[in-house]
Amino acid sequence: MTTARTTTALVTGAARGIGAATARRLAADGHQVAVLDLREADAEATTTAIREAGGTALAVGADVADEDAVAAAVERVADELGPPTVLVNNAGILRDNLLFKMSVDDWDAVLSVHLRGAFLVSRAVQQHQVAARWGRVVNLSSTSALGNRGQANYAAAKAGMQGFTKTLAIELGPFGVTVNAVAPGFIETDMMRAVAERTGMAYDDLMAAAAKEVPVRRVGQPDDVAAAVSFFCSEDASYVSGQVLYVAGGPRA
């Protein structure tokens, strides 16, 4: 897949896992990439990997749920790399628990990072997309949007990302901006190590059990998700908007 234009892409939550793989893939596709995470130092490893591979990258630290921090981060990206016209809203956290045990803080934290964060960053970036009359937004949803025990907050946030995606596709389409979502299934990331610890399972046992439930009989890798994001960000996807693609090794929706 090739990119027909030189663009600046902003990837949130890009210090590790799916975000890091996506940042590296977009750089390989020819984008300049702003690697954003809560702490700038955490984003440096991804930035270094991109530069060592011959790409252009900038590490940026910002809390995506903080309006002023987001505005400053996007302004910095525009000044140092160029106006961002590709956005991947990937930043997210887990605060799993059953409903009767879930605290208000756990509910608010998850929805704040996922939904408020995607809203704030998208709103800041869209002005550059509209000015360019071209852009790509890819939001990270999840198979948990279909419901998952112990994840009322996360499932609500990821389902909300789908509605957010479809609405932005309608609003921004007239300006040459496509908006899509990728909904990963079980992907091998640090988040899954946290799940293993929470459930008391050995990590390898969790991976093996998860693979048995997937039709293709393996768990997903961050690069699997990055490939889907790459397509949505490409010129080849210019007539695809408002869609949710499940990257889950089988039919999930």
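A crossing of two helices is left-handed if the near helix is turned anticlockwise from the far one by less than a right angle, and right-handed if clockwise. Keep that in mind for the first stop.

Before you click, know that this is a predicted model, where local features need pLDDT of at least 70, side-chain atom pairs count only at pLDDT 80 or more, and totals for chains, interfaces and linings use all residues. Residues are numbered from 1 along each chain as its sequence is written, and side-chain values use heavy atoms, with hydrogens and water left out.

**Stop 1: α4 and α5**

Select residues 104-132 (helix α4) and 152-172 (helix α5): they pack at about 15°, and their axes are 9 Å apart. Those axes are lines fitted to C-alpha atoms, for helices over the stretch in contact, and the angles run from 0 to 180 degrees between N-to-C directions. The two helices are therefore roughly parallel to each other. (Under 35 degrees counts as roughly parallel, over 145 as roughly antiparallel, 65 to 115 as roughly perpendicular and the rest as oblique.) Look along the pair and you'll find a right-handed crossing.

Now show side chains. Among the α4 residues that meet α5 are Trp107, Leu111, Phe119 and Val130, and the α5 side includes Tyr154, Met161, Phe164 and Leu172. Contact here means heavy atoms within 4.5 Å. Colour by class and the contact divides into 15 nonpolar, 6 polar and 2 charged residues. (Ala, Val, Leu, Ile, Met, Phe, Trp, Tyr, Cys and Pro are nonpolar, Asp, Glu, Lys and Arg charged, and the others, Gly among them, polar.)

**Stop 2: α1 and α2**

Next, pick α1 (17-28) and α2 (40-52), whose axes come within 10 Å and cross at roughly 25°. This crossing is right-handed. Ala20, Ala23, Arg24 and Ala27 of α1 make the contact with Thr46, Ala49 and Ile50 of α2.

**Stop 3: α6 and α7**

From α6, Met192, Arg193, Val195 and Ala196 touch Tyr203, Leu206 and Met207 of α7.

**Stop 4: the cores**

Which residues touch the most other members of the largest nonpolar core? Select Leu10, Leu36, Val121 and Val179, out of 28 residues in that core. A nonpolar core is a set of buried Ala, Val, Leu, Ile, Met, Phe, Trp, Tyr and Cys residues joined through side-chain atoms within 4.5 Å. (Buried means under 20% relative accessible area, exposed over 50%, partly exposed in between, with a 1.4 Å probe and protein chains only.) Helix α4 gives the most to this core, with 6 residues. Zoom in on Leu10 and its partners, including Ala34, Leu36, Val86 and Val125, not counting residues up to four places away in sequence.

**Stop 5**

Back in α4, click Asp105. Asp105 is exposed, at 61% relative accessible area.

Then visit the loop between α4 and β5 (135-140), where you'll find Arg133. Arg133 has a positive phi of about 55° although it is not a glycine. Finish in the loop between α7 (203-213) and α8 (222-233), at Arg217. Phi of Arg217 is also positive, near 60°, and Arg217 is exposed, at 55%.

Methods. Helix = DSSP H or I, 4+ residues; strand = E, 2+ residues; numbered from the N terminus.
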